[in-house]
Amino acid sequence: MKKIAVIMGSDSDLPVVSKAADTLKNLGIPFEMHVFSAHRTPEEAKEFSVNARRNGFGAIIAAAGMAAHLAGAIAANTTLPVIGIPMKSGNLGGIDALLSTVQMPSGIPVATVAVDGAVNAALLCAEILAVTDDEIAAKLDAKRASDTAKVLEKNKAVEEQFNI
Ligand code: RP5
């Protein structure tokens with residue numbers, strides 16, 4: 001099975017990014033976590049990206065805040081799918097990172113999830129792998145069914161409390 005790379009610009013991103021790790025773990029998908037910065041460690045970020053396909057990765061998550069160039073810088077050096085997580089940090093509450101991550105010029109795509117959207121980034125990676133992996137597809141179907149059942153339970157509780 002292909003691995004997922006989960007890259008973050010700083011260890012200060014870890015509390016949010018660890019939700020992507022938990023999601024991948026729950027789906028039984030192998031992954032690696034790294035701290036590489038487009039600004040502070042550009043050489044390491046480049047080296048990882050250039051070699052990622054050869055090293056067995058199937059998709060890359062890149063989380064960064066503020067002037068968030070990380071996802072774009074990684075995407076520039078690989079044709080693996082790159083999923084950007086704009087992080088809520090600094091004085092602008094994540095709008096800076098959202099625009100930096102989502103507004104990629106034509107030719108170098110980054111699939112951008114919501115601000116702090118670590119769970120969806122991991123699920124999107126799982127869906128990419130599930131195109132050719134029936135086991136992951138079945139796990140995603142089971143998760144959807146379980147999530148639906150939980151919401152129906154909550155609806156039942158609210159209806160019982162308020163609808164006489
Ligand atoms: C970005 O700058 C990181 O991804 C982080 O979200 C933000 C702040 O980093 P630290 O100053 O906390 O290391 O590069």
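Okay, so H6 is the top contributor to the lining of the second largest pocket, giving five residues; helices here are DSSP runs of H or I, at least four residues, and strands are runs of E, at least two, numbered from the N terminus. Before I go on: this is a predicted model, where local features need pLDDT of at least 70, side-chain atom pairs count only at pLDDT 80 or more, and totals for chains, interfaces and linings use all residues. Residues are numbered from 1 along each chain as its sequence is written, and side-chain values use heavy atoms, without hydrogens or water.

Back to that pocket. Helix H5 (118-130) and H6 (134-162) each put at least two residues into the lining. Among the lining residues are Asn120, Leu124, Lys143 and Arg144. By class we get three nonpolar, one polar and five charged, with Asp, Glu, Lys and Arg as charged, Ala, Val, Leu, Ile, Met, Phe, Trp, Tyr, Cys and Pro as nonpolar, and the others, Gly among them, as polar.

Now the strands. Five of the six residues of S1 (residues 3-8) are buried, so S1 is largely enclosed by the rest of the structure; buried means under 20% relative accessible area with a 1.4 Å probe, protein chains only. What does S1 pair with? There are six parallel bridges to S3 (residues 57-65), and five to S2 (residues 31-35), also parallel. Pairing needs at least two DSSP bridges. Isoleucine 4 bridges to alanine 59 in S3, while valine 6 has methionine 33 in S2 as its partner.

Notes:
Buried means under 20% relative accessible area, exposed over 50%, partly exposed in between (1.4 Å probe, protein chains only). On a 1 Å grid over the protein atoms alone, a cavity is a set of points where a 1.4 Å probe fits but cannot get out, and a pocket is an open set with protein on both sides within 12 Å along at least five of seven lines; lining residues have an atom within 4 Å of a point.
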